[in-house]
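Please consult the sequence and the structure shown here alongside the text.

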Amino acid sequence: ELIYNGNAGVTIGDYLYFGNSYNEVSSLSDMSGLRDVRKSSYLARINLENINAKGQNFTPNGVEKVNSEAVAQENQFMFAIGNYIYYLKPDVHRYTTDDGASYQFGYSVLCSVKLNGDGNREIYTYQGEVTEIEVLKYDGRYYVVAFAGDQLFATRLNNGKGSTKVLGEGVTSVAIPKTQGAELDGYSDEWNGKIYFTDTDENDVSKVKEVAVTADGTEDAEVIGDKNGTVSFVYRQNDLIFYTYTSGSTTRTYYNNVKALSGEYYKNEIILVDNAHEFSSATISNVFVLQYGTPFETVVYTANSAIYYKNSMNGSGRVTISDDAGNSLSSATIMVVDDRLAYLISSTGIYEVDFARLTTGSGDISITPTKTVATMTSINTTLYSYDGEYIYFYAGLEALTDEEQELINNEKEEAGIEVSDEEEDITSLDDGTYLYRVSIATGDTQLLGITDYEERHSSYVYKK
């Protein structure tokens, strides 16, 4: 069965598989830069049942390198099926352009490797930046569906291997069901097996099409829901789709539940532009469905850099989130919603927020987080994972706690090393961004990645 926790790592039994240290690769221009990234961004694993560390800011003993590919990067995507980990790595082929040969590390390669690190395999190279990628189950088989460049791909997986077909070309937007972790309340992997997308014809007219994930190729795509305006898909969960519709100079956002559609008029009813299916905001992003129903209980989304909601009782409005001191958390974004509990992330903190009021509310609503899960100096807000008990995320190294500093001082004194009163400047010693985990229940935080700075390894022994 599929195991998916998010894009920072995946938990399989007692082990967490993860990218050790986050690095951006799309701006790199040569292989020497990528080789440097590989030294820290490799695929690693740790036994979560036996974490042995000097403290929360030390790399635990027992972290293992699974392979040396650069998996912890801006296009990171990771999941497990059976005995295999599937992940994306940067493309290392050289491409010929008008400016000569060059690398495109922003392009991605879908790969697999056995849980023990054996049998590393390249499955497919996407010659374009992957802007959306999901893994889905349909009719007993697993597919990776990806939107890369202006093409739509489907890869059928089979024991670490895969066969890939192009389902659409000249694609401008897609509605691929979002991959969900089985630990989420209300989890369901049911969907209709259809991918919806938009493209433009030879007359530059926008068209809405559907194609089965099992299709043989682009010739199987069919024009549906033909409208006079321009449609652009925004988000999809199972068979609930969200899209913008532009007619003239006016853009509106709508939703529709395609599962409820059937019969002779099915294809004409997919793109609805009536008031009953309209959002108050012209464009939306970062969509989360709190309860998936008919069509939904509540949807939370971002518009104009703020969080809004819309519920099944026709209630809608802006959501303002502030801490106990009244400080706005407007910079925090939603990373996961489990039932009605949401977890938000900012560059300095992770917060738990109860969205239950949104299901029956009306108008603007102010909410205070139920708890601050973690506070850090520098958190990466783009990659994270959630398994119901812990949140996994990337962050810069923190200064040692007083207890940790006392432990190190004692070790140095025992080794006959003079102890300095100067405060440690960790960023000058190691400016890496490493994987951490935090317990949702207790707030206990633990560094998991192997740091470049060896004195932060729990196994490090001071010698004079």
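Across the whole structure, a search finds 22 aromatic pairs, where rings of Phe, Tyr and Trp (its six-membered ring) pair if their centres lie within 6.5 Å, and planes under 30 degrees apart count as stacked, over 60 as edge-to-face and the rest as tilted. The model is predicted: local features need pLDDT of at least 70, side-chain atom pairs count only at pLDDT 80 or more, and totals for chains, interfaces and linings use all residues. Residues are numbered from 1 along each chain as its sequence is written, and side-chain values use heavy atoms, with hydrogens and water left out.

Two of the pairs are tabulated.

| Pair | Centre to centre | Angle of planes | Class |
|---|---|---|---|
| Tyr 235 and Phe 242 | 5.9 Å | 50° | tilted |
| Tyr 460 and Tyr 462 | 5.0 Å | 85° | edge-to-face |

Tyr 235 is buried at a relative accessible area of 11%, and Phe 242 is buried at 0%; buried means under 20% relative accessible area, exposed over 50%, and partly exposed in between (1.4 Å probe, protein chains only). Tyr 460 is partly exposed at 26%, whereas Tyr 462 is buried at 10%. Tyr 235 and Phe 242 also belong to one aromatic cluster with Tyr 255, Phe 279, Tyr 301 and Tyr 308.

Charges also sit over rings (NZ of Lys or CZ of Arg within 6 Å of the ring centre and within 35 degrees of the ring normal). The charged end of Arg 45 lies over the ring of Tyr 15, 4.4 Å from its centre, and that of Arg 437 over the ring of Tyr 390, 3.8 Å from its centre.
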